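Dear colleague,

Please find below the structure for your records.

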Amino acid sequence: MQRLNRAMAQLTMLVLVVLLGSLTFFGSTTKPTQAQVSTPRTVFVHLFEWKWTDIAKECENWLGPKGFSAVQVSPPQEHVQGSQWWTRYQPVSYQIQSRSGTRAEFADMVSRCKAVGVDIYVDAVINHMTGVGSGTGVAGSSYTNYNYPGIYQNQDFHHCGRNGTDDISNYQDRWEVQNCELVNLADLATESIHVRSKLAAYLNDLRSLGVAGFRIDAAKHMPVADIADIMSRASNPYIYQEVIDQGGEPITSAEYTPNGDVIEFKYSTNIGRMFKTDKLANMSNFGTAWGFLPSDSAVVFTDNHDNQRGHGGAGNVVTFKDGSLYNLANVFALAWPYGYPQVMSSYNFSNGDQGPPSSNVYANGSNTPDCGGNNWVCEHRWRGIANMVSFRNYTSSAFSTSNWWSNGNNQISFSRGSLGFVAINREGNNLTRTFATGLPAGTYCDVMHGDFSNGACSGPTVTVDNAGNATITVNAMEAVALHGGAKLGGVVPTATVINPTATSVVPTATPIAGSVPVNFNVNATTNLGQNVYVVGNIAALGSWNTANAILLSSANYPIWSGTINLPANTAIEYKYIKKDSAGAVTWESIANRSFTTPGSGSATRNETWNVTGSNSSTATPVPATATPIPATATPIPATATPIPATATPSGSIGINFNVNATTVWGQNVYMVGNVAGLGSWNTANAVLLSSASYPVWSSTLNLPANTAIEFKYIKKDGSGNVTWESGTNRSFTTPSSGILTRNDSWQ
């Protein structure tokens with residue numbers, strides 16, 4: 001399976017040691033793509049049919065603070081007109097313009113969500129275009145039968161010549177499923193180089209805006225090799241493929257795992273069956289033993305936008321319309337160690353075609369969402385679901401169960417090692433008993449009925465004795481959940497926080513044009529659930545706002561590291577802080593740290609938590625006069641075709657770059673240099689290399705002929721932290737013609 005961060009490929013299911021977003025993003029890819037920290041983010045949410053402006057606010061107000069890894073958004077491309085939800089799945093063009101909003105609103109959403117640690121996954125419709133016919137899309141683009149001006153013509157589609165209408169009629173015929181039309185939708189010939197190039201250009205456009213990964217809609221209707229080729233042209237982003245496999249058909253979900261993750265639909269139908277009609281006591285081995293995909297390849301949910309409406313592999317699934325039963329099923333799904341779980345967030349509907357409400361979730365500039373009424377359901381805000389996200393994040397390193405108990409019917413409990421415990425009562429009578437929780441002695445917040453913050457619980461608590469036992473009452477059709485991240489007395493009281501001194505608010509020097517990379521490295525031990533950040537007196541360091549502090553990577557724990565571009569020749573004041581999953585902040589107790597950034601090159605701060613004077617600086621020869629390129633600039637595609645050897649000296653030369661470089665989870669390799677084609681020394685515009693032949697990272701670029709080139713390879717993680725090569729800049733002069741190959745090793 002191609003995953004953007006290699007070290008994660010076999011990590012026991014998703015001890016997703018967090019942060020993207022391939023984009024966040026994105027070599028082989030992780031889920032999620034955030035930088036490695038001690039408490040991962042392991043749950044994402046589908047905000048079905050939400051507008052981009054609403055999603056941006058929800059990331060800031062709810063998803064980031066609650067620890068969600070990512071948001072799956074509805075297809076963002078131009079689609080056919082109409083009010084039904086499925087009109088979003090009929091592309092007219094690849095403009096980023098839909099009923100969810102404009103391209104600018106989409107880009108703003110991605111940026112704001114990433115700023116709070118939440119990646120964006122796009123629902124990518126790449127199997128087909130509109131229904132066969134003619135019309136006009138929501139952005140004004142016209143189309144006719146198999147003709148989408150400037151994109152596709154008749155020869156770019158399959159015309160299978162079966163069944164009169166070319167529709168699929170026999171799902172036992174593999175060829176027909178992958179070469180005929182799905183309910184009259186114009187079926188793209190994904191074996192065509194032209195089609196693959198157009199689809200890759202669309203995906204790369206989204207990646208340039210910061211998108212972390214893609215749900216591949218209707219993946220079953222495309223051969224595995226076609227998807228692999230398209231994704232390789234998009235630098236192998238994180239993907240999860242829709243392959244509806246309930247058994248009994250020739251096309252199976254397991255075929256698609258070499259490409260990336262696959263949605264395990266058998267999970268949804270079976271969890272629905274167990275909670276609706278069967279016995280929970282029979283779920284002690286729920287997972288691969290039931291014929292499911294391997295856990296580290298599976299994306300799972302109780303329901304999704306399709307099957308909650310009776311489509312897309314639907315069966316006896318449980319949905320928000322089942323009330324408390326739905327809540328309990330999601331508690332189990334988020335507590336049980338299998339797969340990468342997606343939480344569904346719906347709107348109310350009375351028929352299977354009904355489109356979204358016309359109202360925004362955040363109406364008229366309000367910061368209070370319209371959830372729980374007649375419009376938006378917002379299941380992800382139900383306390384029992386929302387607080388189980390932190391449960392799964394905290395217990396991810398204990399990806400197995402212990403202390404399984406059942407009453408032989410529909411009352412169950414289990415532990416996640418010594419990190420968490422959950423009890424579920426799907427019966428009509430209260431359950432009171434002494435449970436073996438596996439937890440250390442102490443008092444814990446029941447996160448099913450209370451919120452934990454700053455060491456206190458807003459609801460009931462449970463006391464665990466020295467033997468790990470606790471006497472608990474679980475009311476009828478309810479659950480109790482405890483975990484070490486919500487243990488009372490486990491967080492430093494707010495009163496002990498030492499705030500930055502008042503003199504740090506205004507810099508004492510006026511910044512000049514340009515910026516320099518500063519490498520921050522701090523030796524800091526943490527408790528489980530804590531991460532280390534840096535915050536300071538300028539915008540790039542959060543302007544002393546801990547909500548905007550910069551997360552450091554724990555890849556070399558106990559050293560926490562990050563590279564941040566700061567204004568040159570500027571007086572900087574800063575401190576390191578620790579934040580836990582509940583948002584509690586611990587400041588260093590020493591005076592503010594301070595230094596002045598150099599006018600050029602780079603600086604390195606090697607320090608120890610709460611110890612002064614433990615830093616050093618080294619310079620890296622990066623031009624101080626480099627002009628920043630806009631962050632939205634589209635990098636030159638890695639598949640750029642070299643210019644023929646007969647190109648004149650004033651033209652361009654194809655250069656093959658290959659570098660042998662090992663990476664840690666969360667990192668990709670880029671190159672940046674002194675010409676526009678290499679980002680003009682701006683790391684935001686560095687060129688992403690492909691990890692298809694890992695540990696060799698490669699790309700072919702067109703660069704000016706007869707030109708002196710200076711460059712370096714860099715590594716970037718999902719949160720944008722940059723690691724430069726050591727040593728002097730690499731340099732060479734491009735020839736006047738031909739093709740040049742460079743085979744390098746990271747230095």
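Cys371 has a relative accessibility of 27%, which lies between the limits of 20% and 50% and therefore counts as partly exposed. The disulfide that joins Cys371 to Cys378 has an S to S distance of 2.1 Å. This link is left-handed, with -65° about the S-S bond.

Please note that the model is a predicted one. It holds four disulfides in total. When the bonded cysteines of the chain are numbered in sequence order, they pair as 1-2, 3-4, 5-6, 7-8.

A further disulfide joins Cys59 to Cys113, again with 2.1 Å from S to S. The pair links distant parts of the chain, 54 residues apart: Cys59 belongs to helix 1 (residues 52-66) and Cys113 to helix 2 (residues 103-115). The link of Cys59 and Cys113 is right-handed, with 90° about the S-S bond, and both cysteines are buried.

Cys445 and Cys457 also form a disulfide, with their sulfur atoms 2.1 Å apart. The torsion about this S-S bond is about 55°, so the disulfide is right-handed. Because Cys445 lies in strand 17 (residues 442-445) and Cys457 in strand 19 (residues 456-457), the pair ties together parts that are 12 residues apart in sequence. Cys445 is buried, at a relative accessible area of 0%. Cys457, at 19%, is also buried, because the cut-off is under 20%.

With kind regards

Terms used. Residues are numbered from 1 along each chain as its sequence is written. This is a predicted model: local features need pLDDT of at least 70, side-chain atom pairs count only at pLDDT 80 or more; totals for chains, interfaces and linings use all residues. Side-chain values use heavy atoms; hydrogens and water are left out. A disulfide is a pair of cysteine sulfur atoms within 2.5 Å. Helices (H or I, at least four residues) and strands (E, at least two) are DSSP runs, numbered from the N terminus. Buried means under 20% relative accessible area, exposed over 50%, partly exposed in between (1.4 Å probe, protein chains only).
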